[in-house]
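Trainee: Please take me closely through one part of this model, its pockets, and what lines them.

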Amino acid sequence: MSLTAALVQISPTLLDLGDNLLRHVQGLEEARRRGARLAVFPEMSLTGYRIGDVSLDASARSALDRDLRASLGSLRKALEALDMDGVVSYPLFEGGRTFIAAEYVERGRTLGVHRKVNLCNYGHYREDRTFTPGEDLTVLRPRWGAAGLLVCEDLWHPVNGILCTQMGAQALLVPSAPSAPSREEIGANLARWRLLAGAQALAQTCYVLCCCGSGPEGAFHGDGGSFAFGPRGDLLLSLREGDPDLGVVDLDLEGLARVREETPLLRNERNDLILRTYGRLESGNP
């Protein structure tokens, strides 16, 4: 079995949900024309990534939550009409807390929601001031196989990829929003991302699909340059840096099974050793 997936690298406008929704739907339609059955969007693409820089009182927060629900409803209907799956990211308001969420929608139905577990609190990122970290990793089983959902910084912590693939994930789907102070710095930033993602794909014998936001937002510029790696660490797709783009990639799931049989890294993982070591760390006795 194979799956054709699209990375829909849009450039969202901060808090313009109507325009952002339109860009999502247009991206879905183009992806479907190119044969895709799955579309992955960037991190917080429904609202714009830098929503953490905006001060929202209770009334504005409630209004944004209402508008987000309406936009998500429209997006789910579009996915159902196109017979597609999609991964969309947005701020999730729950019980006075705000999470960075990635939702997997299967033909109009929410299959699961991942809450970003590793918030970025270094460089020019200050997610920890606005958002709450999630407490669980997310592996879902859509009609085509098994997918692990990670969001941006989650990918930089290899244990997340290890655990997702140990739970059965064949692909890691990663909405992201890396940015740089200027377009000139994007290339170096993306080089680090691709080194990391390629190593994850190779070490976990899985596909890694990372969709990055693009275009200017505040004082920074979204990297774009979305990419996909195969289970041998090979770069399968690379999109334009800094600007909106869209590309499709075929995931050979039968071929993946052969790679995992030939290179049984997942089967050979010492989960018993990992559990014992983490247990000692938790008890303060490394």
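**The pocket linings**

Mentor: Helix H4 gives the most to the lining of the largest pocket, with three residues; helices here are DSSP runs (H or I, at least four residues) and strands likewise (E, at least two), numbered from the N terminus. This is a predicted model, in which local features need pLDDT of at least 70 and side-chain atom pairs count only at pLDDT 80 or more, whereas totals for chains, interfaces and linings use all residues. Residues are numbered from 1 along each chain as its sequence is written, and side-chain values use heavy atoms, leaving out hydrogens and water.

The lining of the largest pocket has 21 residues, and nearest its centre lie Tyr-122, Tyr-125, Ser-179, Asn-189 and Trp-193. A pocket is an open set of points on a 1 Å grid over the protein atoms alone where a 1.4 Å probe fits, with protein on both sides within 12 Å along at least five of seven lines, and lining residues have an atom within 4 Å of a point. Two or more lining residues come from strand E9 (179-180) and from helix H4 (186-204). By class, 11 are nonpolar, four polar and six charged. The space in this pocket is about 310 Å³.

Methods: Grid points are joined across faces, edges and corners, and a volume is the space filled by probe spheres set on the points. Ala, Val, Leu, Ile, Met, Phe, Trp, Tyr, Cys and Pro count as nonpolar, Asp, Glu, Lys and Arg as charged, and the others, Gly among them, as polar.
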